[in-house]
2 protein chains.
Amino acid sequence: MLPFARVTILGLGLIGSSIARGIRATMPTVRVTGYDADPAVRARARAIDLCDDIADTAGTAAIDADLVMLCVPVGAMGAAAQSIAEDVPAEAIVSDVGGAKVSVATAIRQALPNNIVVPGHPVAGTEHSGPDSGFATLFKGRWCILTPEGDTNPTAVMRISTFWESLGAQVEIMDARHHDLVLAVTSHVPHLIAYSIVGTASDLEEVTQSEVIKYSAGGFRDFTRIAASDPVMWRDVFLNNREAVLEILQRLTEDVTMLQRAIRWGDGDALFDLFTKTRAIRRSIIEQGQDDARPDFGRAHE
Amino acid sequence: MLPFARVTILGLGLIGSSIARGIRATMPTVRVTGYDADPAVRARARAIDLCDDIADTAGTAAIDADLVMLCVPVGAMGAAAQSIAEDVPAEAIVSDVGGAKVSVATAIRQALPNNIVVPGHPVAGTEHSGPDSGFATLFKGRWCILTPEGDTNPTAVMRISTFWESLGAQVEIMDARHHDLVLAVTSHVPHLIAYSIVGTASDLEEVTQSEVIKYSAGGFRDFTRIAASDPVMWRDVFLNNREAVLEILQRLTEDVTMLQRAIRWGDGDALFDLFTKTRAIRRSIIEQGQDDARPDFGRAHE
């Protein structure tokens with residue numbers, strides 16, 4: 001039994017287009033309608049036959065959906081929900097993929113008070129953007145976090161869970177506030193630091209940009225991948241998960257200060273102890289299938 | 001014409017064992033002698049036939065070398081050089097692969113005042129350690145920085161350059177002090193931040209380690225790879241490149257503070273501008289062959 005028969009995807013970037021491709025691969029009888037606010041993206045989606053239908057307005061896209069999946073940047077979720085308010089059937093379930101959940105859930109619920117809203121966040125992605133960058137297996141083996149309110153219809157939550165499981169994800173239910181804190185740690189602050197370190201490196205007077213690029217294989221290049229992620233998406237995440245990001249950032253700053261002090265005073269034991277502990281976490285991530293076990297992420301060396 | 005006929009490698013970890021394998025692959029007539037202070041590593045090196053000969057003391061390993069390559073952690077370079085002082089031929093060239101060059105060059109020159117010393121640093125590696133982790137193509141397409149003093153015999157520098165080029169690297173000559181600053185930016189501070197962020201994440205009370213691991217695909221896992229690098233090697237790098245690391249770290253802290261402020265005050269334009277600029281650097285790194293062009297470093301998704 002498929003959880004939905006007619007899925008509408010608003011926003012056809014990396015995540016939206018991966019969902020479209022994933023549905024076609026795993027639930028081929030589901031009818032998928034797509035819409036993107038950018039006419040060029042709609043044209044491209046038609047050209048590559050991404051969905052069964054690409055609508056020219058959000059309202060037409062949603063008019064007969066039983067699931068509407070909002071795949072736009074976090075800051076645009078409220079407007080996207082608003083844009084289908086007059087047309088979406090009351091019995092359609094509305095979900096989303098935004099990386100910050102408290103603010104997004106509030107915005108969607110305000111715009112669509114008559115629909116069941118099951119906010120979600122698949123913890124998956126690459127640094128690429130746009131309708132060409134998605135692929136059907138993006139969610140395979142990854143976690144998708146759902147943050148329904150306590151009184152949300154359990155059948156609706158179950159259907160969304162089944163939907164993500166069909167795409168290959170594992171599903172976890174979590175409180176929206178806790179989600180925002182967890183993701184501040186595992187995603188938002190890492191991205192902020194990556195953006196920052198790449199910015200710092202490109203602004204030095206004593207070291208040229210050409211040197212930074214040439215010698216990036218010493219570690220820096222790993223940060224540039226993350227710092228190549230979509231600017232609008234990430235701007236919105238930081239503006240919409242402000243509190244948790246600032247809290248974790250403060251904690252990180254304290255720890256960096258401690259390390260700074262250890263280096264200044266030549267406290268090798270403190271450094272060694274930390275560097276040993278962190279190795280174990282990498283091992284667990286690989287054991288639990290959350291990263292490639294091959295050295296260097298499996299990068300080609302030839 | 002091969003630059004050397006008898007190469008001795010002291011230290012058979014990732015880099016030393018990659019050099020041994022690289023020589024066998026590209027300069028098969030060169031005789032390679034290996035030594036490691038750890039008897040278990042020597043036994044393993046013999047078992048996997050890593051070198052033509054594995055010596056039981058550093059002195060015997062160096063006794064007829066025309067190149068001695070020191071591949072031990074930065075803090076052990078002086079002692080490694082000392083350990084061959086009585087046996088190494090005066091005409092042998094001594095080089096190394098340490099990630100910090102001012103302190104290492106001083107230590108080696110003090111221990112071996114009669115040899116020509118051409119300090120070097122191949123900017124390459126993976127997060128794995130030990131004699132089994134090396135591979136012949138590790139240096140292919142990567143840069144190797146040499147930091148000879150101004151009065152170093154040019155033929156010796158040329159021979160070391162040719163050696164690295166045979167292993168597939170591109171060679172750059174640089175002042176040792178400048179090397180240490182450049183690498184603080186492109187390697188040392190990124191590693192320190194990665195270690196720190198992984199440490200911070202594993203110490204929070206509100207977010208469990210199990211959550212950090214499960215949702216690491218949001219970006220965090222990229223940092224754990226770097227933070228799984230050899231603890232002794234990295235402790236030594238920080239203790240031996242203190243000044244440059246602290247200077248760049250200070251610069252980064254200022255930039256993070258600026259971002260923190262932008263988030264607190266909702267300055268989306270400042271965030272967007274930075275996140276757009278950093279994307280261009282990623283593009284240059286890929287264009288110059290310093291990273292895998294495939295999304296997600298080419299990680300497997302299936």
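Which residues does His128(A) touch, not counting residues up to four places away in sequence? They are Leu14(A), Ser133(A), Ala293(B) and Pro295(B), where a contact means heavy atoms within 4.5 Å. Please keep in mind that this is a predicted model, in which local features need pLDDT of at least 70 and side-chain atom pairs count only at pLDDT 80 or more, while totals for chains, interfaces and linings use all residues. Residues are numbered from 1 along each chain as its sequence is written, chains are lettered from A and ligands numbered from 1 in the order in which they are written, and side-chain values use heavy atoms, with hydrogens and water left out.

**How the two chains are related**

**The interface**

- Chain B brings 112 residues to the contact, and chain A brings 112 residues.
- Between them the two chains bury about 10300 Å², with 66% of it on carbon and sulfur atoms; buried area is the accessible area (1.4 Å probe) that two parts lose on being put together, summed over both.
- Tyr215(B), Ile263(B) and Phe275(B) supply 7% of the area that chain B buries against chain A, more than any other three residues.
- His128(A), whose contacts include Ala293(B) and Pro295(B), sits in the loop between strand S7 (120-122) and strand S8 (143-146) of chain A. Helices (H or I, at least four residues) and strands (E, at least two) are DSSP runs, numbered from the N terminus.
- His128(A) is partly exposed, with a relative accessible area of 33%; buried means under 20%, exposed over 50%, and partly exposed in between (1.4 Å probe, protein chains only).
- Helix H10 (residues 231-240) of chain B has Pro231(B), Trp234(B), Asp236(B), Val237(B) and Phe238(B) buried. The cover over the buried residues of H10(B) includes helix H11 (242-264) and helix H12 (268-287) of chain A, together with helix H7 (176-202) and helix H11 (242-264) of chain B.

**The annotated domain**

- UniProt, in an unreviewed entry, places the feature "domain: Prephenate/arogenate dehydrogenase" at residues 5-293 of chain A. UniProt positions are given in the numbering used here, feature names are shortened, and annotations may be inferred rather than shown by experiment.
- Residues 5-293 of chain A are 52% helix and 12% strand, and the end C-alpha atoms of the span lie 37 Å apart.

- The side chain of Lys101(A) makes a polar contact of 2.8 Å with the side chain of Asp96(A). A polar contact is a pair of N or O atoms within 3.5 Å; within protein, one must be able to donate a hydrogen and the other to accept it, and residues adjacent in sequence count only if both atoms are side-chain atoms.
- Leaving out residues up to four places away in sequence, Lys101(A) touches several residues, among them His121(A), Thr147(A), His179(A) and Asp180(A).
- In chain B, Ser95(B) belongs to strand S5 (residues 93-96) and is buried at a relative accessible area of 0%.
- The contacts of Ser95(B), with residues up to four places away in sequence not counted, include Leu67(B), Met69(B), Val118(B) and Ile160(B).

**Cysteines**

- Over all chains the count of disulfides is zero, a disulfide being a pair of cysteine sulfur atoms within 2.5 Å.
- In chain A, the sulfur of Cys51(A) is 10 Å from the closest cysteine sulfur, in Cys71(A), which is too far for a bond. Cys51(A) is buried, with a relative accessible area of 5%.

**Positive phi values**

- Most residues other than glycine have a negative phi.
- Asp49(B) has a positive phi, near 55°; this residue is in the loop between helix H2 (39-47) and strand S3 (53-54) of chain B and is partly exposed, at 46% relative accessible area.
- Phe297(B) also has a positive phi, near 60°; this residue is in the segment after helix H12 (268-287) of chain B and is buried, at 0% relative accessible area.
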